[in-house]
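Colleague: I should like to learn how to read the features of a protein model. May we go through them one at a time, with the general idea before the case?

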Amino acid sequence: MKIKTLLPLLCVPFIFNAQIKKTATDNRLTTDLDKMVHKEALAYMKDPARVGLSIGIFKDGKSYFYNYGTTEIGKSELPTSKSLYEIASITKTFTGTLLAHALVDGKIKMDDDIRKYLDGTYPNLEFEKHPVTIKNLTNHSSGLPQFLPDQSETFKKPMDSVAAALADFYKNYSKKKFYEDLHQAKVDFMPGTEYKYSNTGTQITGDILEKVYHKSFEDLLSEYITGPLKMNHTIIGTNSASLLTPYNEKGKVMPRNFTTIFAPAGGIISTTEDLVKYMRYHLDENNKYVKASHTPLVKSEEDAIGLYWRLHTYEDGSQTVYHTGGTFGFSSVLQIYPSKNMGVVILSNESDGESQGKLHDIADNLLRNSKK
């Protein structure tokens, strides 16, 4: 695999609100792809809230990397393909990939009642005698809450204080307490009939994987994904010294990810260099584990859902496979386009109400407008 060599740091000016803002970049602006990336990146970075942006692309058997902005407000250090970002809910696709191994290898069945794998009794994990299944966990149709314990009151606070409140709450939250709280959880509807995003459900999926393999989630990641793919910088963790500084739209430094308790739902940190390797793996639809993880389990009005992967079919029949991610200080998207053997990953160390959606639009534009 060839890696595109980039020139040293450049500063490219553009107009915003009648003022000149210089955005640092290492984009060579040589190829059509370079120029397409540059146009999209500058449109995103013109918002004064933006901090750093790293883009990785796999196309025609080659890998390309582009970086914009800075690693930290007040500094002139450009991020690189090795810069560490929280990837938040993109982590769920790793959990789905591990689940595909368990499914294909006969360790689990998608229609298994999740209580089969839980210690103790949970009469609450059903709705009118309809149990929550592993399938329900993977497509967010379990009816379980987003967080344990329920944090709906916390999210009613001003957004500046929500991150700090959650970080403080979860810093000493244990797996033992998680399962005590699970006894009190309520399933809101018949599993499989409605959509309700649930980090709780994904955490349970990770714990089920640990039980059937008799290994930690971290060891499973290393054995089945990061080790074989040589993703040497992809780890679970909240306190890596190399992790970029996270910000909200006001330029306020945000707490890092809450706790490794929710590692299967959103605890991975990674780089564009590593995630391009991950995309390349997921572009191989002949791989039985990849195929299983991309097989739709449920369809909504817009997208289908596989093993946590979102699957969108365009009017021309082509399909994209993707997931976005966001914490209080990081935003991200990872999207692949199998028919073009192409993928795009974009990581940012700033988060606001629009950042995930805008990054998703950038990835979609790059994938759809690039030449086959």
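Colleague: How many salt bridges does the structure hold?

Modeller: Please bear in mind that this is a predicted model. The structure holds 19 salt bridges. One of them joins the side chains of Lys 177 and Asp 181, at 2.8 Å from N to O.

Colleague: Why are Lys 177 and Asp 181 separated by about one helical turn?

Modeller: The general idea concerns the helix. An α-helix has 3.6 residues a turn, so residues three or four places apart point the same way. In this case, Lys 177 and Asp 181 are separated by about one helical turn because they are four residues apart in helix H5, residues 175-182. Lys 177 is partly exposed, at 36% relative accessibility, whereas Asp 181 is buried at 12%.

Colleague: Which parts does the pair of Lys 211 and Asp 119 tie together?

Modeller: The side chains of Lys 211 and Asp 119 meet in a salt bridge of 2.8 Å, N to O. Lys 211 belongs to helix H6 (residues 199-213), while Asp 119 is in the loop between helix H2 (91-104) and strand E7 (126-127), so the pair ties together parts 92 residues apart in sequence. Lys 211 counts as partly exposed, with 33% relative accessibility, and Asp 119 is exposed, with 61%. Salt bridges may also be linked to one another: Asp 47, Arg 50, Glu 350 and Asp 352 form such a network.

Colleague: Is helix H6 largely enclosed or open?

Modeller: Of the 15 residues of H6, 13 are buried, so the helix is largely enclosed by the rest of the structure. At 1.5 Å a residue, H6 should span 21 Å, and its end C-alpha atoms are 21 Å apart, which agrees.

Colleague: What is found at the start of H6, and what follows the helix?

Modeller: At the start, a side-chain oxygen of Ser 198 comes to within 3.4 Å of the backbone nitrogen of Thr 200. After H6 comes His 214, with a positive phi near 55 degrees.

Colleague: Let us turn to strands. Which residues point one way from E17, and which the other way?

Modeller: In a regular strand the side chains alternate between the two faces of the sheet. In E17, Met 342, Val 344, Ile 346 and Ser 348 point one way, while Gly 343, Val 345 and Leu 347 point the other way. Strand E17 covers residues 342-348, and seven of its seven residues are buried.

Colleague: In which sense do E4 and E16 pair with E17?

Modeller: Strand E4 (residues 52-59) pairs with E17 in the antiparallel sense over seven bridges, and Ser 54 stands opposite Leu 347. Strand E16 (residues 331-337) and E17 also pair in the antiparallel sense over seven bridges, with Gln 335 as the bridge partner of Val 344. E16 and E17 form a hairpin with four residues between them, and Asn 341 in the turn has a positive phi of about 50 degrees.

Colleague: What is the order of the strands in the open sheet of three strands?

Modeller: The order is E6-E11-E9, with antiparallel pairing. E6 (85-86) and E9 (235-236) are the edge strands, each of which pairs on one side only. E6 pairs with E11 (residues 268-270) over two bridges, where Glu 86 stands opposite Ile 269.

Colleague: Which residues have the most contacts inside the largest nonpolar core?

Modeller: In soluble globular proteins, nonpolar side chains tend to be buried together. Here the largest nonpolar core has 75 residues, and those with the most contacts inside it are Phe 94, Leu 182 and Ile 204. A second, separate core of 23 residues includes Leu 42, Met 45, Leu 53 and Ile 362.

Colleague: Which residues does a cis peptide bond join?

Modeller: Most residues other than glycine have a negative phi, and most peptide bonds are trans. In this model, a cis peptide bond joins Leu 148 and Pro 149, with omega about -15 degrees. Pro 149 is in the loop between helix H3 (134-138) and helix H4 (159-170).

Colleague: Where is Asp 60 placed, and where is Glu 128 found?

Modeller: Asp 60 is in the loop between E4 and strand E5 (62-69), and it has a positive phi of about 55 degrees although it is not a glycine. Glu 128 is in the loop between E7 and strand E8 (130-131), and its phi is positive, about 50 degrees. Glu 128 is exposed, with a relative accessible area of 60%.

Notes: Residues are numbered from 1 along each chain as its sequence is written. This is a predicted model: local features need pLDDT of at least 70, side-chain atom pairs count only at pLDDT 80 or more; totals for chains, interfaces and linings use all residues. Side-chain values use heavy atoms; hydrogens and water are left out. Buried means under 20% relative accessible area, exposed over 50%, partly exposed in between (1.4 Å probe, protein chains only). Two strands pair if DSSP finds at least two bridges between them. A salt bridge is a side-chain nitrogen of Lys or Arg within 4 Å of a carboxyl oxygen of Asp or Glu. The expected span of a helix is 1.5 Å times one less than its number of residues. A polar contact is a pair of N or O atoms within 3.5 Å; within protein, one must be able to donate a hydrogen and the other to accept it, and residues adjacent in sequence count only if both atoms are side-chain atoms. A nonpolar core is a set of buried Ala, Val, Leu, Ile, Met, Phe, Trp, Tyr and Cys residues joined through side-chain atoms within 4.5 Å.
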